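Open the structure in your viewer and keep the sequence panel beside it, so that each selection can be found in both places. The tour goes from one selection to the next, with a short account of what is there.

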Amino acid sequence: MWKSMTGVQIPINALADLQTQYLKQASELWNASLQGNAGAAPQPLKDRRFASPAWSSNPASAFMAQLYLLNARTLQEMADKVEAEDKTRARIKFAVQQFVDAAAPSNFLALNPEAQALALQSKGESISKGMQQLWDDLQRGHVSQTDESAFEVGRNVATTAGDVVFENDFFQLLEYKPLTEQVFERPLLMVPPCINKYYILDLQPDNSLIRYAVAQGHRVFVLSWRNPDESCKAWTWDDCIEHAAIQAISVVQDISGAKTIDTLGFCIGGTILSTALGVLAARGEQPAASVTLLTTLIDFTSNGILDIFVDEASVHQRETTIGAQAPNGPGLLKGQELATTFSFLRPNDLVWNYVVANYLKGEAPPPFDLLYWNGDSTNMSGPMYCWYLRHTYLQNELKLPGKLTVCGEKLDLGKIKAPIFIYGSREDHIVPWEAAYRSTQVFTGERTFVMGASGHIAGVINPASKNKRSHWLASDDALPAAPEQWLAAAEEHAGSWWPVWADWLAAHAGALKPAPKAPGNRKYKAIEPAPGRYVKQKA
């Protein structure tokens, strides 16, 4: 990284302008604080970190907060003025933002008048509770974002009724109990991301995409990944394609008796599903009647903030520490490392907000199912992770026909013949919607693109029954190469995108037939009730 900083500079004229502006604004702030405004009610600060009256009513605290905001703006403007190549500039801006967010006076008890007032009012009880919560979080190894004791997988999250009908070392296959008297003849297989647990798709009955699909008359199967431990540290990308995704497709075909099935992949689960279907296409097999890809990366040309973490040096470092050829043998990428990285992509919302509330104010975080899932981290095997980093994020080879060999087959995703439904979230910081849209240029069959409001998770988990947010659809079938052109021609529609997908999926699911009376079949019998053992394994 330091090599990439060579030649980085801020133009002298730009720096001089910033200095002049800073001195002017700092002087105005200082003079205003000295003069005061006797008799006038203090004006609350607009930044939500300083919105409490405790900040605006205390002149010293108000001045400190406003000076901090001025310093933060100036540092961010300096980062914007840096002359360097794009990735270096992005890294500098990211590092500056991390420093700015961490340095906020609200994060420190000695500088936070709201936390100090609460300590006085509670006679020190808030500090005592905060220290106890800090100690508890040190034992857990992460900052608590919710009351983790309020949830239990299988009791009040991941509760849709079903059974485990197959398992191997890599995954369990869940089959869900029908909610309708008739089901479509083609079953639906969902492949969730392996860097989180599947039950983001089944948090509560009223926001469960799994339950929604079952209620629409689909015979739903879900791949539940094993949480890798030391015995799994040598798993490769090929292993997870052959022994998980392809195996799951085969078992679902066998149980249902359907030659072709509907498939869905979420995030990296969509990347895995697409790879598996590409391998099968190279073998002359076309098992998918349809493919749904939710916030999935196939073309890794530009992927927002995550790009700053990937270059040749960083990938090589991973390969030599946890990769297949590491001198000390392969290792695991610990789940907490991934979780921490994702949290610091939005540090004010997912880190410092909880530091202040949990430790400085002694407030226990309220129960929230999505944040419980977010903290239920998973490990990844080093060789799989290293392959994924190098061949997708770094070298962007997945989209190139014949460039990669996976499971012994030359990969060409353009040979997948199934119609494809592609979804992207407009405010997604992990898979920017433009990156999700680029998949439309890789596949060659019938393609549909829908963009939803909100981010990576909230955009996807947007129940139709709540009629929240909105989504965008093109007025015709045109899919231009430039995402901006598609958006310019798209129309906004109120409410969830789920009904649009449900109508699309029903058109590819075949005829209706009586729902099965029991899970599995003679060969694949029920092993245990859903959600199964694998999803309960802790990292």
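Does Leu109 count as buried, exposed or partly exposed? Before answering, please keep in mind that this is a predicted model. Select Leu109, which you will find in the loop between α4 (86-102) and α5 (113-121). Leu109 counts as partly exposed, because its relative accessibility is 32%, and the cut-offs for that class are 20% and 50%.

**Aromatic pairs**

Next, colour the rings of Phe, Tyr and Trp, for which a search of the whole structure finds 25 aromatic pairs. One of them is formed by Trp30 and Phe63, an edge-to-face pair with 5.5 Å from centre to centre and 70° between the planes. This pair links distant parts of the chain, as Trp30 belongs to helix α1 (residues 12-35) and Phe63 to helix α3 (residues 59-81), 33 residues apart. Trp30 is partly exposed, with a relative accessible area of 45%, and Phe63 also counts as partly exposed, at 22% relative accessibility.

Then select Phe50 and Tyr68, whose ring centres are 6.0 Å apart and whose planes meet at 75°, so this pair is edge-to-face. Here, too, distant parts of the chain are linked: Phe50 is in the loop between α1 and α2 (53-56), while Tyr68 is in helix α3, 18 residues apart. Phe50 counts as buried, at 0% relative accessibility, and Tyr68 is buried as well, with a relative accessible area of 10%. For a further stop among the rings, select Trp237, Phe300, Trp387, Tyr388 and Tyr393, which form one aromatic cluster.

**A covered helix**

Which span should you expect for the 15 residues of α9? At 1.5 Å a residue, helix α9 should span 21 Å, and its end C-alpha atoms are 21 Å apart, which agrees. Helix α9 is mostly covered, with 14 of its 15 residues buried. Just after α9, select Gly284, which takes a positive phi of about 85°.

**Strand β12 and its neighbours**

Finally, select strand β12 (residues 420-425), together with strand β13 (residues 447-452), with which it pairs in the parallel sense over 6 bridges. Along this pairing, Ile422 stands opposite Phe449 in β13, and Gly424 stands opposite Met451 in β13. Strand β7 (residues 288-294) also pairs with β12 in the parallel sense, over 4 bridges, and the bridge partner of Thr292 is Phe421 in β12.

How many residues of β12 are buried? The count is 6 of the 6, so β12 is largely enclosed by the rest of the structure. In a regular strand the side chains alternate between the two faces of the sheet. To follow this in β12, colour Ile420, Ile422 and Gly424 on one side and Phe421, Tyr423 and Ser425 on the other; they are all buried, and both faces of β12 are covered.

From β13, step to strand β14 (residues 470-474), where the two strands pair in the antiparallel sense over 3 bridges.

Technical notes: Residues are numbered from 1 along each chain as its sequence is written. This is a predicted model: local features need pLDDT of at least 70, side-chain atom pairs count only at pLDDT 80 or more; totals for chains, interfaces and linings use all residues. Side-chain values use heavy atoms; hydrogens and water are left out. Two strands pair if DSSP finds at least two bridges between them. Buried means under 20% relative accessible area, exposed over 50%, partly exposed in between (1.4 Å probe, protein chains only). The expected span of a helix is 1.5 Å times one less than its number of residues. Rings of Phe, Tyr and Trp (its six-membered ring) pair if their centres lie within 6.5 Å; planes under 30 degrees apart count as stacked, over 60 as edge-to-face and the rest as tilted.
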